[in-house]
Each structure stands twice: as C-alpha cells, then as structure tokens.
Amino acid sequence: MGDVYTQSFDAWLGLGMSYQFLHQPKKALEAFAKARTLEPSNCLTYLFTAEIYLQIQDLDLAKKNGKEGLKLTSKNQRKITQSFEHILKVCDKTQRRKAA
C-alpha cells in the first residue's frame with residue numbers, strides 16, 4: 001500500500017474485507033486491527049472481526065468482538081446491531097451444543 005493509504009481507515013477496512021472474501025482470515029484480522037487503530041470507535045472493524053472468529057470457531061473472541069462492537073452501535077444502525085446480535089446468538093448456541 002502506498003503512503004497515502006497507510007493512514008486511511010477505509011483502505012485498511014477494504015483490504016481486510018478483501019482478505020476475508022479470499023478466505024485469508026489471518027491477513028484480514030491484521031488489516032482490521034490496523035483499521036481499528038485509526039478509528040477505534042468504528043463498529044465495523046468489530047463486526048468483521050467477530051464474523052471471522054465465528055467462521056474459524058473461536059467463539060470467545062467472536063463474542064468479545066461482538067459485544068464490544070454492539071456497544072459502539074447507535075440505535076439508528078439497526079442492521080449492524082442485528083448482525084452483532086446474530087453473531088452472539090450463534091456463539092451461544094454453538095457453545096451450548098458443544099457443552100451437551
């Protein structure tokens with residue numbers, strides 16, 4: 001990435017989303033972490049990070065990111081709130097199934 005983009009939240013978020021689409025979770029998580037350092041209050045990095053952790057079955061980190069991201073969403077971000085709530089529900093359901 002060129003110097004212009006190294007401090008761009010959107011560039012890092014887009015890179016993370018690209019890696020996620022290409023099934024490269026480690027690189028996606030690194031890009032989302034960089035994006036988060038640039039805009040710590042943006043809930044999207046938490047959403048995409050939670051999705052990756054859910055996909056790779058790291059339920060504790062999926063829940064942690066889901067809860068943190070949910071705290072950052074405003075009431076008018078209903079769709080994002082629903083996404084976080086879905087991740088947390090799937091984590092709980094999967095954990096109960098594993099415990100049984």
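Trainee: How many aromatic pairs does the structure hold?

Mentor: One aromatic pair is present. Rings of Phe, Tyr and Trp (its six-membered ring) pair if their centres lie within 6.5 Å, and planes under 30 degrees apart count as stacked, over 60 as edge-to-face and the rest as tilted. This is a predicted model, in which local features need pLDDT of at least 70 and side-chain atom pairs count only at pLDDT 80 or more, while totals for chains, interfaces and linings use all residues. Residues are numbered from 1 along each chain as its sequence is written, and side-chain values use heavy atoms, with hydrogens and water left out.

Trainee: What makes the pair of Phe32 and Phe48 stacked?

Mentor: The ring centres of Phe32 and Phe48 are 5.5 Å apart and the planes stand at 25 degrees, so the pair is stacked. The pair joins distant parts of the chain, with Phe32 in helix H2 and Phe48 in helix H3, 16 residues apart. Helices here are DSSP runs (H or I, at least four residues), numbered from the N terminus. Both Phe32 and Phe48 are buried.

Trainee: How do H2 and H3 pack, and at what angle?

Mentor: Helix H2 (residues 25-38) packs with helix H3 (residues 43-55) at about 160 degrees, the axes being 10 Å apart. That angle makes H2 roughly antiparallel to H3, since angles over 145 degrees count as roughly antiparallel, under 35 as roughly parallel, 65 to 115 as roughly perpendicular and the rest as oblique. Axes are lines fitted to C-alpha atoms over the stretch in contact, and angles run from 0 to 180 degrees between N-to-C directions. Among the H2 residues in the contact are Leu29 and Phe32, and among those of H3 are Phe48 and Ile52; contact means heavy atoms within 4.5 Å. By class, the contact of H2 with H3 has nine nonpolar, two polar and one charged residues.

Trainee: Why is H1 called roughly parallel to H3?

Mentor: H1 and H3 pack at about 15 degrees, with their axes 11 Å apart. This angle makes H1 roughly parallel to H3. The H1 side of the contact consists of Phe9, Leu13, Met17 and Gln20, and Phe48 is one of the H3 residues.

Trainee: How do you know whether Gln20 is buried or exposed?

Mentor: Gln20 has a relative accessible area of 14%, so Gln20 is buried. Buried means under 20% relative accessible area, exposed over 50%, and partly exposed in between, with a 1.4 Å probe and protein chains only. Gln20 lies in helix H1 (residues 9-21). Leaving aside neighbours within four places in sequence, Gln20 is in contact with residues including Phe32 and Phe48.

Trainee: What makes H4 roughly antiparallel to H5?

Mentor: The axes of helix H4 (residues 59-72) and helix H5 (residues 78-99) come within 9 Å and cross at roughly 150 degrees. With that angle, H4 is roughly antiparallel to H5. The contact includes Gly66 and Gly69 of H4 and Phe84 and Leu88 of H5. Its classes are seven nonpolar, six polar and six charged residues.

Technical notes
Helix = DSSP H or I, 4+ residues; strand = E, 2+ residues; numbered from the N terminus. Nonpolar A, V, L, I, M, F, W, Y, C, P; charged D, E, K, R; others polar.
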